[in-house]
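Here is a short briefing to read alongside the model. Please have the sequence and the 3D view open as you go through the points.

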Amino acid sequence: MPHLYLHVPFCQRRCSYCDFSIAVRKRIPAREYVDAVLQELKLLGTTDPGRKPGETEAVGLDTLYLGGGTPSLLPPEAISVLLTSLLDVFRATSSRDAVEVTMEANPEDVKPEIAAAWRRAGVNRVSLGAQSFNDGVLKWMHRSHDSARIGDAVRSLRAAGFDNISLDLIFALPAELERDWVRDLDLACSLRPAHLSLYGLTVEERTPLARWISRGAAAMPDDERYAEEYLLAHMRLAACGYQFYEVSNACRDGFRSRHNSAYWSGRAYLGLGPAAHSFDGRMRRWNLAGWEAYRRAVAAGLPAVEAEEVLTDEQRELERLYLALRTDRGLSLAALYRPLPPSTAHWVEQGWAEIREQRLVCTPEGWLRLDALVHDLTSAGRAV
Ligand code: SF4
């Protein structure tokens with residue numbers, strides 16, 4: 001599989017909106033983590049019937065993504081050992097920079113010497129969790145950085161040789177925070193990142209945010225604000241030279257995320273680490289979510305897999321529709337065995353979708369109504 005994902009579960013604290021599978025640690029067990037991941041890979045090499053012992057199918061890794069959690073909490077030496085081992089195992093020997101190696105990082109972890117060490121270790125793309133340039137908002141989110149750190153981090157990364165830098169921002173925050181979304185977008189653009197990922201705030205169970213809302217200390221995010229800020233982002237970012245190539249992702253020319261694009265194309269990928277998911281085109285499996293449970297399993301030579309599911313044809317079809325319509329390439333009409341349902345004409349008239357070169361493509365207004373469009377396609381003119 002030419003796409004590899006590593007879940008690094010450690011964080012210094014839990015952000016107010018986050019329900020990811022993380023392990024909050026003051027001391028990061030970096031050596032244990034690296035050993036566990038390499039052991040998991042070894043176990044897969046010896047137990048997966050599709051591969052010869054010690055071998056993976058992946059000749060020519062295309063992308064490697066360190067997500068989390070907070071991968072930037074690992075010391076650079078641990079990242080170097082990990083990447084060297086993985087790139088060797090996957091025989092990515094020709095040119096390391098031919099593999100897109102992304103690492104998620106929090107701004108406070110980026111220092112000039114650390115950024116340089118990441119670059120030497122083989123990382124060539126950094127996704128920075130900026131979220132906002134408003135210090136009050138960052139505090140409310142329980143983020144560990146202030147707004148000044150974001151610019152410092154971008155400058156340190158550039159000085160270390162990174163030109164492929166992505167910033168994450170969160171929008172549709174509760175009104176009482178008085179967050180100025182346009183200001184945040186403009187400040188993000190002024191740093192000229194190659195890529196931006198924008199996520200609307202959602203309320204997940206068992207998060208500090210859900211508790212604040214249940215006791216009336218915070219308002220629910222509202223749909224109108226979500227739509228307004230989403231469309232505003234499209235206008236603002238287009239004016240700065242960014243193109244949305246997926247519902248939540250925009251970039252300058254030539255800087256699409258190859259790793260995430262593989263997900264959206266339904267390609268196979270291998271996930272390592274606690275809570276990591278893998279997909280072979282038909283079967284999805286996911287690892288034990290807890291760090292300790294994961295570590296103990298692989299140390300005992302047991303599979304780290306918690307469960308797996310084989311997607312039915314119907315599930316695969318639904319996924320295919322969703323994934324295709326999330327992107328600016330849209331859905332190929334040639335791949336639909338039945339004509340488009342009549343409601344599609346309404347979508348086009350309303351400006352929610354377009355037919356371009358025999359493909360159905362959502363506009364930004366259409367992306368806001370993606371569930372309804374997929375529902376129309378699957379219930380009225382069933383695609384198989
Ligand atoms: S740093 Fe990221 S993964 Fe960790 S708690 Fe915050 S949002 Fe979640």
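Y269 counts as buried, because its relative accessibility is 12%, and buried here means under 20% relative accessible area with a 1.4 Å probe and protein chains only. This is a predicted model, in which local features need pLDDT of at least 70, side-chain atom pairs count only at pLDDT 80 or more, and totals for chains, interfaces and linings use all residues. Residues are numbered from 1 along each chain as its sequence is written, and side-chain values use heavy atoms, with hydrogens and water left out.

**Aromatic pairs**

- F279 is buried too, because its relative accessibility is 6%.
- In all, the structure holds 15 aromatic pairs, meaning rings of Phe, Tyr and Trp (its six-membered ring) with centres within 6.5 Å; planes under 30 degrees apart count as stacked, over 60 as edge-to-face and the rest as tilted.
- Y33 and W291 form a tilted pair, because their ring planes stand at 45°, with the centres 6.1 Å apart.
- That pair links distant parts of the chain, 258 residues apart: Y33 sits in helix α1 (residues 30-47) and W291 in helix α10 (residues 291-299). Helices (H or I, at least four residues) and strands (E, at least two) are DSSP runs, numbered from the N terminus.
- Both Y33 and W291 are buried.
- The rings of Y269 and F279 have centres 6.1 Å apart and planes at 40°, so this pair is tilted.
- Y269 lies in the loop between α9 and β11 (270-272) and F279 in strand β12 (residues 277-279), so the pair ties together parts ten residues apart in sequence.
- Ring pairs also join F171, W181, Y226, Y230 and F244 into a cluster.

**Around the ligand**

- Surrounding the ligand are C11, R13, R14, C15, Y17, C18, F20, I22, G69, T70, N106 and R143, each with a heavy atom within 4 Å of it.
- By class, this shell has six nonpolar, three polar and three charged residues. Ala, Val, Leu, Ile, Met, Phe, Trp, Tyr, Cys and Pro count as nonpolar, Asp, Glu, Lys and Arg as charged, and the others, Gly among them, as polar.

- G129 belongs to strand β6 (residues 125-131).
- G129 is buried, because its relative accessible area is 7%.
- Leaving out residues up to four places away in sequence, G129 touches A105, N106, P107, R143, H145 and D168, where contact means heavy atoms within 4.5 Å.
- From C-alpha to C-alpha, G129 and S166 are 8.6 Å apart in space, and they are 37 residues apart in sequence.

Conventions
Buried < 20%, exposed > 50% of the residue type's maximum accessible area, 1.4 Å probe, protein only.
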